[in-house]
Amino acid sequence: MLSALIFTAVLLQTQPGEADLAPAFGNTLLSTYPDGRTARMWLQPGGRFEGQGRRGGLSSGVWRVRNGEVCFSQRRPIPLPGSYCTPIVRGGIGASWTARAVTGETIRVELVAGR
């Protein structure tokens, strides 16, 4: 669910836009939590995403770029109010960084090839 959204810090720059997220399209954002479990997210051009949380639950929704961040709004399995925003990180396959999950945990995010 929303935990699948957390890993998606996708690189900070002055005026980021959808083009900055292009390396993620067709690939997987893999987030590793302190307990070793992982979540996966798949971004699609045009503002849609799908995810699998660290407990195995599936989610989907929409994303948009706002004020230098990518913001996610979950629509399924249940619509959640508001959105989760995280800085945009530039990088290709193999790029990794730390981010803060919506739960407040520090997670490790990596862009891996394929779905």
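A salt bridge is counted here where a side-chain nitrogen of Lys or Arg lies within 4 Å of a carboxyl oxygen of Asp or Glu. The model is a predicted one, in which local features need pLDDT of at least 70 and side-chain atom pairs count only at pLDDT 80 or more, whereas totals for chains, interfaces and linings use all residues. Residues are numbered from 1 along each chain as its sequence is written, and side-chain values use heavy atoms, with hydrogens and water left out.

The strands form an open sheet of 8 members in the order S6-S5-S4-S3-S2-S1-S8-S7, with antiparallel pairing; strands (E, at least two residues) are DSSP runs numbered from the N terminus, and two of them pair if DSSP finds at least two bridges between them. The edges of the sheet are strand S6 (84-87) and S7, each of which pairs on one side only. Neighbouring strands are turned against each other by 30 degrees on average, direction ignored, where axes are lines fitted to C-alpha atoms and angles, between N-to-C directions, run from 0 to 180 degrees. Within this sheet, S3 and S4 run antiparallel and are joined by 5 bridges, and Arg48 has Val62 in S4 as its bridge partner.

A search of the whole structure finds 4 salt bridges. In one of them, Asp35 is joined to Arg54, with the closest N and O atoms 3.9 Å apart. This pair links distant parts of the chain, 19 residues apart, since Asp35 is in the loop between strand S1 (28-32) and strand S2 (38-44), and Arg54 is in the loop between strand S3 (48-52) and strand S4 (58-66). Asp35 is partly exposed, with a relative accessible area of 42%, while Arg54 counts as buried at 11%; buried means under 20% relative accessible area, exposed over 50%, and partly exposed in between, with a 1.4 Å probe and protein chains only.

Arg54 also meets Glu105 in a salt bridge, at 2.9 Å from N to O. Glu105 lies in the loop between strand S7 (96-100) and S8, and Arg54 in the loop between S3 and S4, so the pair ties together parts that are 51 residues apart in sequence. Glu105 is partly exposed, with a relative accessible area of 24%. Asp35, Arg37, Arg54 and Glu105 are linked in a network of salt bridges.

A further salt bridge joins the side chains of Arg115 and Glu50, at 2.8 Å from N to O. Arg115 is in the segment after strand S8 (106-112) and Glu50 in strand S3, 65 residues apart. Arg115 is exposed at 61% relative accessible area, whereas Glu50 is partly exposed at 33%.

Definitions and conventions:
Helices (H or I, at least four residues) and strands (E, at least two) are DSSP runs, numbered from the N terminus.
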